[in-house]
Amino acid sequence: MNKIDQKRENEKRILKVMIDIYQRKHPQESKMCEELYKYACLRIDKCPFMETKTFCSGCKVHCYQKEYRSQVKKVMRFSGKYMLFYHPLLTIKHGWLSLKERRRKNV
């Protein structure tokens, strides 16, 4: 598996973890969560900027439809608060990559 494929799989894994956290606290929205994950995986697989971007939030082109984009934001806003408790290593790695990306853009 090459570096880009690893990056795609990592992004999917992080998204799955965040959706699972959201779904635990909002079981009534499980159908929405399943659809959101399937849609997001399709978008991640087709992303032409995977080589240069760190996360979708840092991308110049947003390829999600408005409805799905707002759902992803809602899930991530909610789950972000719990990530440190459920998956501390993923949270630290995400924070490190975000910081690294900000520094790269400022230089």
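Residues are numbered from 1 along each chain as its sequence is written. Since the model is predicted, local features need pLDDT of at least 70 and side-chain atom pairs pLDDT 80 or more, totals for chains, interfaces and linings use all residues, and side-chain values use heavy atoms, with hydrogens and water left out.

The largest pocket takes up about 1,200 Å³. Here a pocket is an open set of points on a 1 Å grid over the protein atoms alone where a 1.4 Å probe fits, with protein on both sides within 12 Å along at least five of seven lines, and lining residues have an atom within 4 Å of a point; the volume is the space filled by probe spheres set on the points, which are joined across faces, edges and corners. Its lining runs to 39 residues, with Glu11, Thr54, Phe55, Cys56 and His94 nearest the centre.

Met50 sits in the loop between helix 2 and helix 3. At 1% relative accessibility it counts as buried (under 20% relative accessible area, 1.4 Å probe, protein chains only). Beyond its neighbours within four places in sequence, Met50 is in contact (heavy atoms within 4.5 Å) with Ile4, Lys7, Arg8, Glu11 and Ile44.

Met83, Leu84, Phe85 and Tyr86 of helix 3 meet Pro88, Leu90 and Thr91 of helix 4.

Note on methods: Helix = DSSP H or I, 4+ residues; strand = E, 2+ residues; numbered from the N terminus. Buried < 20%, exposed > 50% of the residue type's maximum accessible area, 1.4 Å probe, protein only.
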